Amino acid sequence: MPISTARPAPRTAAETHSSEVRRLATLLDTSQALTGTIDLKAGLHRVLEVLGRHHGAVRSSVVMLDDDTGQLRVEASDGLDNGYRVSYQLGEGITGRVVQSGKPIVVPQISREPMFLNRAAKRSELPQQELSFICVPIVLNRKAVGALGVDLRFKADRDYDRTQKFLGVVASMISQAVKVQRLIDGERKRLLDENTHLRQELKERYDFSNLLGTSGPMRQICEQVSQVARTMTTVLIRGESGTGKELIAHAIHYNSLRANKPFVKVSCAALPESLIESELFGYEKGAFTGAQQRKKGRFELAEGGTLFLDEIGDINLATQVKLLRVLQEREYERLGGTETLKTNVRLVTTNKDLEKAIAEGTFREDLYYRMNVFSIFVPPLRERKTDLLLLADHFLESFSRTHSKNIKRISTPAIDMLMSYHWPGNVRELENTLERAVLVCDGHVIHAHHLPPTLQTAEASGTVTRVSLKDAVAAYEKDLIQDALKTTRGNRAKAARLLNATERIINYQVRKYSIDYRRFKN
Ligand SMILES: Nc1ncnc2c1ncn2[C@@H]1O[C@H](COP(=O)(O)OP(=O)(O)OP(=O)(O)O)[C@@H](O)[C@H]1O
Ligand SMILES: [Mg+2]
């Protein structure tokens, strides 16, 4: 709805030509200003400056409609002192009407326009000469979301129609930039929400209550986790495959003060030897063929949090030297880089048998001592049968839920089979066994025949070789002594007191059953 009073005076061809060139140059500058930055506000500011410089805009501003409040807010301004503090209601004043109607308004002489509110500057601050005001909408998806307003010096011969069209083009470029910005903001918000949600989920999944087990060793492990979680101490978790080492590493992280920082895992055994260093420490652009840009290492990604090095025994000796330095001095360089990076990460590592690796010369002893500050030993499942039923019930319930089955219990013969099996794959094997059983079971009870062939041993087929009383007693005795030694952390005198026996007898039994009491020291 252009309100146009003055008729433009005819111009010379040269004048028209030079102003067209100026407009094209401005459009180019506008496009560069808007695409050259991801900060929309800064881009808008530059556009307004260009309008001031090349088109004699005395004042200019971009207002945007705030969807939540329904108010118009100044997003960027040029030549206005208090521009940022101004806001309009939709439909209020000329700017408000432009946004409401989605149509441009041209006021050739603002002194004659009663609708002109002039919120942005006090009368006294206004230049003494007459001004023209041109306001064009910023349209997104066919809806006005803001406006570009420009004050120009009044000139009776100005071609207002052309000027308004030109500003319309600038406004449509701004709307493209707004669109991109909103897409980016939307995506960022979505990612942030998703991240918060995932972190919460991880925290719940790996909080203490997921570490099931009521056996003595499991209770001790929980105690160790809570002791060490609050410290910066490097932790070494040992145990056979599938005993729950990774679960414990998670529990340490999510119960520490670093719970909101990253938990980064490196599977040392799965990474080729040539890659491990660059994975851990990152590299600079050009560090080697193929290093096209700088890459952050896992240490950098885990900053402030926990770095979990699974199967540390598999890393090569050269990397071990670098790792030792990080542990001692808490600093390192990226591959091909000279900048020394400080690191604040807690290391949690796992390994089955580091002592063997040291004996074989594949693992540095000094690094072993650095990592073995606090060690947690997870006994194999066959040595903590009390946990077995608890875990079996837990897996039964959770797989019944995920596979939408209504299985209530495990039959006694099936339980006997679970109890007599030696579980070389530990908890992971038990977990897989129960998932399989749930899948093949079509009733409410898991029966012996739902268990895999590996468990269908002598017991189920009735060909079990009966153990002699002597062997059974010996096995029980050995178990009792091992349990006591675990409780006393390998102290034989205390274990003897616990069992109401003498130290001499215990020493004799330890030798007889070849029990390695040193293993319980940590
Ligand atoms: N105490 C436990 N309570 C509940 N689930 C457990 C427990 N211990 C282990 N699990 C489950 O058993 C599976 C194997 O555990 P995890 O991956 O932590 O073992 P691991 O010791 O790291 O094995 P590996 O040495 O083969 O990597 C996981 O699915 C884990 O959730
Ligand atoms: Mg693991």
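Helix α6 gives the largest share of the lining of the largest pocket, five residues. Helices here are DSSP runs of H or I with at least four residues, and strands are E runs of at least two, numbered from the N terminus. This is a predicted model: local features need pLDDT of at least 70, side-chain atom pairs count only at pLDDT 80 or more, and totals for linings use all residues. Residues are numbered from 1 along each chain, and ligands from 1 in the order written.

A pocket is an open set of points on a 1 Å grid, where a 1.4 Å probe fits, with protein on both sides within 12 Å along at least five of seven lines; lining residues have an atom within 4 Å of a point. The largest pocket holds about 740 Å³ of space. Its lining has 28 residues, and Gly 244, Glu 246, Leu 247, Val 427 and Glu 431 lie nearest the centre. α6, β11 (306-310), α12 and α14 each supply at least two of the lining residues.

What takes up this space? Ligand 1 does. Around ligand 1 stand 17 residues, with Leu 212, Ser 241, Gly 242, Lys 245 and Glu 431 coming nearest. α6 (245-254), α12 (385-402) and α14 (426-440) each give at least two residues to this shell.

Now look at the oxygen atoms of ligand 1. One lies 2.6 Å from an N or O atom in the side chain of Glu 431. An oxygen atom is also 3.0 Å from a polar backbone atom of Glu 246. For Thr 243, again at a polar backbone atom, the distance is 3.3 Å.

Methods: Side-chain values use heavy atoms; hydrogens and water are left out. A residue is near a molecule or strand if one of its heavy atoms lies within 4 Å of it. A polar contact is a pair of N or O atoms within 3.5 Å; within protein, one must be able to donate a hydrogen and the other to accept it, and residues adjacent in sequence count only if both atoms are side-chain atoms. A molecule sits in a cavity or pocket if more than half of its atoms lie within 2 Å of its grid points. Grid points are joined across faces, edges and corners, and a volume is the space filled by probe spheres set on the points.
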